[in-house]
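User: I have a structure open here and would like to talk through a few spots in it. Can you take a look with me?
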Amino acid sequence: SLPIVAIIGRPNVGKSTLVNRLAGAQDAIVYDEPGVTRDRTYSNAYWRDHEFVVVDTGGLVFDDDTEFLPLIREQASLALAEAVAAIFVVDGQAGPTPADEAIAEWLRQQPVPVLIAVNKCESPDQGLAQAAQFWELGLGEPYPVSGIHGSGTGELLDQLITHI
Ligand code: GDP
Ligand code: MG
C-alpha cells in the first residue's frame, strides 16, 4: 500500500485547496465513517518518482481557541497513526494563532515528521516574511506556498519525499 501523508490544520487555512493542488485535481475518494464527526478524504498524489496518498483530515476545531475537542483530536490521531508524515497547513495572511500553537504543541509530541506549509503566500513581496512568522511554532522551516496559485509546492514536495 502507498505511504500516507496527513494534512492537518484549522478550518479555512486552505487544506482542501492544497490537497487538490498536490493531487493534481484527481478525484478524491471520500470514506464515510459512521460515528465520527469528520470524514477523511484520501487522494492519490505523486512527485518525482514517489507515489503517495494525501488524507485531508478536516479542520481541527477548538471549543475555545486553545482546547482540542476530544473527538476531533481522536480523528487527527487516527489520521496520524497511519501516516508516514504530516503537513501542517497554516494561514500566512492571518499569521500564527493560539489554535495553531495548540496544534503545533500536540504535533511536536507525535512520532511523525511534520512539515509546515504556510498557505496563502502568493504575494511575491510578503510571502517569505509571512512564512517566517511560523518559525515560532517549533516545527522547523516553514514553507511558503499558495494552494490557489501552486507556488512553493515544489519545494514543499521535495522536502516531503525525503520522509516517504
Ligand atoms: P480548508 O477549510 O482548510 O480545507 O480550506 P479551503 O481549501 O476550503 O479554503 C478556505 C478558503 O481559503 C477559501 O476561500 C479558499 O479560496 C481560500 N484559499 C485557499 N488556498 C488559498 C491560497 O493559496 N491563497 C489565498 N489567497 N486563498 C486561499
Ligand atoms: Mg477543507
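Predicted model: local features only at pLDDT ≥ 70, side-chain atom pairs only at ≥ 80, totals over all residues.

User: Ok, ligand first: how many residues surround ligand 1, and which are the closest?

Analyst: The shell around ligand 1 holds 15 residues, and the closest are Gly14, Lys15, Ser16, Thr17 and Lys120.

User: Which helix gives the most to that shell?

Analyst: That is α1, residues 15-22, which gives 3 residues to the shell around ligand 1. By class, the shell is made up of 9 polar, 3 nonpolar and 3 charged residues.

User: Changing topic, what is phi at Asn12?

Analyst: Phi of Asn12 is near 70°, a positive value in a residue that is not glycine, whereas most residues other than glycine have a negative phi. Asn12 sits in the loop between β1 and α1, and Asn12 counts as exposed because 10 other C-beta atoms lie within 10 Å, where the cut-off for exposed is 12 or fewer.

User: And Arg48, is that one buried or exposed?

Analyst: Arg48 is exposed, since it has 9 C-beta neighbours inside 10 Å. Arg48 lies in the loop between β3 and β4, and its phi is positive at about 50° although Arg48 is not a glycine.

User: Last one: which residues of α3 are buried?

Analyst: In α3, residues 98-107, the buried ones are Ala99, Asp100, Ile103 and Ala104. They cover an arc of only 135° around the axis, so they are on the same side of α3.

User: What do those buried residues pack against?

Analyst: The buried residues of α3 pack against β1 and β5, the latter being residues 85-91.

Note on methods. Residues numbered from 1 in each chain as written. Chains lettered and ligands numbered in written order. Near = placed C-beta within 6 Å. Helix = DSSP H or I, 4+ residues; strand = E, 2+ residues; numbered from the N terminus. Nonpolar A, V, L, I, M, F, W, Y, C, P; charged D, E, K, R; others polar. Buried ≥ 20, exposed ≤ 12 C-beta atoms within 10 Å, placed from the backbone. Arc of directions from axis to C-beta. Contact = placed C-beta atoms within 7 Å.
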